[in-house]
Amino acid sequence: MGKLSTQAPGLTKTLRLPHIVALYIGAVIGSGVLLIPGLAAEKAGPASILAWLVMSVLVLPMAITMGLLSARYPSSGGVSTFVRTAYGDRFGNMVGWFFLLSVPIGAPILSVTGANYIAILLNWSESQVYAGAALLLLAVLMMNVVGLHVAARVQTIVVSLIITILILAVVASIPHASVTHFVPFMPNGWLSVVQAAGLMFWCFIGWEAVTHLSEEFVDPAKNAIRGVLWSAGIVALLYFAVAFMTVATHSYGVGISAASLSVMVQLSLSPIGGWIVAVTALFICIATANAYIGAASRIAYSLAQEKIAPRWFGTLHAKYRTPTGGLLFLALCFVIVLGVLYFDVIDLSRLIELPNATFFATYIGGCLAGVRLLHNSRVGRIASWTSLVCTLGLYPFLGWSALYPLVIALVLFIWQKRHA
């Protein structure tokens, strides 16, 4: 990775509004756009579009909370800095570790997902899938070594392509839409709509990731909240458009819901439809991995500065001033997690529950911080309390994976006692 240095004046401010919007969209639009519209429609029928509308409104307070906190407290520590400012070092460090230990598991899952979409078309073996996943992670790591000015430009291009392809998918399906597909509108009752809304929550996680990059925002007081509002609007429109056309074309049902976007695209584009979806999936996985790897490497740097992580986590590249210590830690974790998946020590569907739990715990910490730090802002106060109630209400439904953050907290407590 080149010559390293730990003596740093700080991180460089390189992220302007278009970069911030692209990073937010890349963090929030994940593989859920490929999967959830069909599954939600199968669960609730055409009424699932009501759930999309409701969730688009409910996640806005969460996005606004993170944006306002980023504007007031720009830091590579992101949510952990907000919690530290509000409740002290112990809780801030705990939330920092929650986020940091989400990404070593989440990013390999993303890379394997992207590689699998390509593998279906190219008939790759399992070894080739994991080799492709490893190459994807390596490319994102190297982009982040060179610096966010490069990673952000790549993110802007990738997100633009994602948006273009999703719009193409929606427009191409219009000739196959029919009002008859909206009848009966609510075949499974109101409860199914609520259940569908719970399923959709996973599509909107990601607002917390970009807070860790806020120290590198150009004019964070102005651009942080603007970036949140622009990206929230774009994300909501994209999700709703895809979900609406999934229902309008009836591109869902037993056996096809998990591939509803592919089914919808192939109505008009037939052979190349599969390629369009595969390329979209790959772009989405690259964009999301890029946002989270960039964020996690900076939280590692921040934790090292707080002396709550190994000193080498705070190593910066001598030339690019990027957190190579954090990136090296992530790279080592990626090798282990890909190995665990490849040798089938634990299956992907089980493994994904762990980062979901730590992301939830991170959100709860950020919302609690917002309640205290944004109390003098009417918008901030309402947004913080609304998002806190939503996250606390959903956390118990995570099941056994909800214990993962508690285990991290216990290990951190023991580590602090030994190094006190």
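**Figure 1. Helices H7 and H12 meet along Glu 126, Ser 127, Tyr 130, Ala 133, Ala 134, Leu 137, Leu 141, Asn 144 and Val 145 of H7 and Thr 324, Leu 327, Ala 331, Phe 334, Leu 338, Leu 341 and Tyr 342 of H12.** The model is predicted: local features need pLDDT of at least 70, side-chain atom pairs count only at pLDDT 80 or more, and totals for chains, interfaces and linings use all residues. Residues are numbered from 1 along each chain as its sequence is written, and side-chain values use heavy atoms, without hydrogens and water. Contact means heavy atoms within 4.5 Å; helices (H or I, at least four residues) and strands (E, at least two) are DSSP runs numbered from the N terminus. The axes of H7 (residues 126–146) and H12 (residues 324–342) come within 11 Å and cross at roughly 170°. The pair is therefore roughly antiparallel (over 145 degrees; under 35 is roughly parallel, 65 to 115 roughly perpendicular, the rest oblique). Axes are lines fitted to C-alpha atoms over the stretch in contact, with angles from 0 to 180 degrees between N-to-C directions. The contact residues of H7 and H12 divide into 12 nonpolar, three polar and one charged (nonpolar: Ala, Val, Leu, Ile, Met, Phe, Trp, Tyr, Cys, Pro; charged: Asp, Glu, Lys, Arg; polar: the others, Gly among them).

**Figure 2. The second largest pocket has a volume of about 310 Å³.** Helices H4 (79–87), H5 (89–100), H14 (353–373) and H16 (404–418) each give two or more residues to its lining. Of the 15 lining residues, Phe 98, Ala 361, Ile 364, Gly 365 and Leu 368 lie nearest the centre of the pocket. The lining divides into 14 nonpolar residues, one polar and no charged. A pocket is an open set of points on a 1 Å grid over the protein atoms alone, where a 1.4 Å probe fits, with protein on both sides within 12 Å along at least five of seven lines; lining residues have an atom within 4 Å of a point. Grid points are joined across faces, edges and corners, and the volume is the space filled by probe spheres set on the points.

**Figure 3. Helix H4 is largely enclosed by the rest of the structure, because seven of its nine residues are buried.** Buried means under 20% relative accessible area, exposed over 50% and partly exposed in between (1.4 Å probe, protein chains only). The buried residues of H4 are Val 79, Ser 80, Thr 81, Phe 82, Val 83, Arg 84 and Ala 86. Just after H4, Gly 88 takes a positive phi of about 105°. Across the protein chain of 420 residues, 58% count as buried.

**Figure 4. Gly 206 sits in the loop between H9 and H10.** At 0% relative accessibility, Gly 206 is buried. Beyond neighbours within four places in sequence, Gly 206 is in contact with Ala 27, Val 28, Tyr 292 and Tyr 363. The C-alpha atoms of Gly 206 and Thr 288 are 8.6 Å apart, at a sequence distance of 82 residues.

Figure 5. Most residues other than glycine have a negative phi, and most peptide bonds are trans.
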